[in-house]
Amino acid sequence: MEEAKMGDVATIRAVLAILQWWGFNVTVIIMNKWIFQKLEFKFPLTVSCVHFICSSIGAYIAIKILKMKPLIEVAPEDRWRRIFPMSFVFCINIVLGNVSLRYIPVSFMQTIKSFTPATTVILQWLFWRKYFEWRIWASLVPIVGGIMLTSITELSFNMFGFCAAMVGCLATSTKTILAESLLHGYKFDSINTVYYMAPFATMILSVPAIVLEGSGVINWLYTYDSIVPALIIITTSGVLAFCLNFSIFYVIHSTTAVTFNVAGNLKVAVAVLVSWMIFRNPISAMNAVGCAITLVGCTFYGYVRHLISQQSVNSSPRTPRSRMEMLPLVGDKQEKI
């Protein structure tokens, strides 16, 4: 009886964790699109910089003041040798995501982001000479096919936004791959990751943001009518961006790997639906089919990885691993920032 109650509590906790993760994620995406489209604040570098500043402050408060997570100590030399390169890729990843949001609909951008598992496997195969079992490659077919169908049938297609989103996928994959070597020996959670990387990212991005967008931001401040509500919305998006990282930490520790994978793909579907309800961007029937195929492919890919990882755990330690049994570095519970 006691075990049943504990199981019910764990289930409720997992559901609540997933719902708050969905809530923060969808809200941040919608707010960013609203900032670019409705507020006419067309400055993705500045928006990203605001997010990094808010995340830096939020992580400091969470770790140093509220003591919500213990600080993972990093040697000073490792901060520049390991954390800084990761922060640079992390910065590019976030900026490109916001740039793509400025030019393409949320639905298209979210579908393209689902291409990340494929880019991770391909990069590891091409540059790191890693080999994967045929089931991994087969699971990527619906993802690639769905992305192609969605891109061909996208009614609001923009080449610049499309390229930004695709390069963003490469940046996400590169960050994941580099993390294995650069952060070896450090077991970072999402909050400590933000604590160390966000300040570096702010430093990296502040100069380009000022040089490329400074005059435009000043002009917007003088010409936009409802300036105070607009600034509140922009700042709130930064605060919620930090809360999203905190929610990822919570959901990772409340769910299983398979649940996390399925919930992540359903989150994309929720974001697509909510964005369409708000912005009413045109979506053709074939475009919706392509998006659905991509999400199903991502779920299937996660399931295949889970099966292979379980087989690796259950296999005899004396049995040498085949070169074709290696798993991609995209973790079952990858913490996305």
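Tutor: The discussion that follows takes up confidence, fold, cores, salt bridges, backbone angles and surface in turn. Please keep in mind throughout that this is a predicted model.

Student: Then let us begin with confidence. What average pLDDT does the protein chain have, and which helices score lowest and highest?

Tutor: pLDDT expresses the predictor's confidence in each residue, on a scale from 0 to 100. The protein chain averages 86, and 90% of the residues score at least 70. Among the helices, confidence is lowest in α10 (residues 257-279), with a mean of 84, and highest in α2, with 95.

Student: Where does pLDDT stay under 50?

Tutor: One such stretch is residues 318-326, for which the model has 15 contacts beyond four places in sequence. The pLDDT is also below 50 over residues 331-337, and that stretch has 29 contacts in the model beyond near neighbours in sequence.

Student: How many helices and strands does the protein chain contain?

Tutor: There are 11 helices and 0 strands. Read along the sequence, the pattern is therefore a run of α elements, α-α-α-α-α-α-α-α-α-α-α. Of the contacts with a separation of 6 or more, 88% are accounted for by residues 24 or more positions apart.

Student: Which residues have the most contacts inside the largest nonpolar core?

Tutor: A nonpolar core is a set of buried nonpolar residues joined through side-chain atoms. The largest one here has 36 residues, and those with the most contacts inside it are Phe41, Ile112 and Ile136. Helix α1 gives the most to this core, with 5 residues. A second, separate core has 34 residues, including Leu45, Phe52, Phe90 and Phe242.

Student: What is Phe41 in contact with, leaving aside its neighbours within four places in sequence?

Tutor: Phe41 is in contact with Ile35, Phe36, Thr46, Val47, Val217, Trp220 and Ile234.

Student: Asn25 has a polar side chain in helix α1. Is Asn25 buried or exposed?

Tutor: Asn25 counts as buried because its relative accessibility is 11%, and the cut-off for burial is under 20%. Not counting residues up to four places away in sequence, Asn25 touches Leu244 and Lys267.

Student: I turn now to charged residues. How many salt bridges are there?

Tutor: Side chains of opposite charge can pair when their charged atoms come close. In this model the count comes to 3 salt bridges. Arg81 and Asp78 meet in one of them, at 2.6 Å from N to O. Arg82 also forms a salt bridge with Asp78, with the closest N and O atoms 3.7 Å apart. The side chains of Arg135 and Glu133 meet in another, at 2.3 Å. Salt bridges that share partners join Asp78, Arg81 and Arg82 into one network.

Student: How should I read the backbone angle phi?

Tutor: Most residues other than glycine have a negative phi. Glu40 has a positive phi, near 60°, and its place is in the loop between α1 (2-37) and α2. Arg129 likewise has a positive phi, near 55°, and is found in the loop between α5 (116-127) and α6 (134-153). Arg129 is exposed, with a relative accessible area of 60%.

Student: Finally, which residues make the nonpolar surface patch of about 660 Å²?

Tutor: That patch is made by Ile53, Ile57, Tyr60, Ile61, Ile65, Leu66 and Met68. Ile61 is in helix α2 (residues 44-65) and counts as partly exposed, at 34% relative accessibility. For the protein chain as a whole, the accessible surface comes to about 16700 Å², of which 69% belongs to carbon and sulfur atoms.

Key: Residues numbered from 1 in each chain as written. Predicted model: local features only at pLDDT ≥ 70, side-chain atom pairs only at ≥ 80, totals over all residues. Heavy atoms only, no water. Patch = residues over 30% accessible without salt bridge, like charges linked within 9 Å, V, L, I, M, F, W, Y side chains within 5 Å. Areas by Shrake-Rupley, 256 points an atom, 1.4 Å probe, with all protein chains shown as cover. Salt bridge = Lys/Arg side-chain N within 4 Å of Asp/Glu carboxyl O. Helix = DSSP H or I, 4+ residues; strand = E, 2+ residues; numbered from the N terminus. Buried < 20%, exposed > 50% of the residue type's maximum accessible area, 1.4 Å probe, protein only. Contact = heavy atoms within 4.5 Å. Core = buried A, V, L, I, M, F, W, Y, C linked by side-chain atoms within 4.5 Å.
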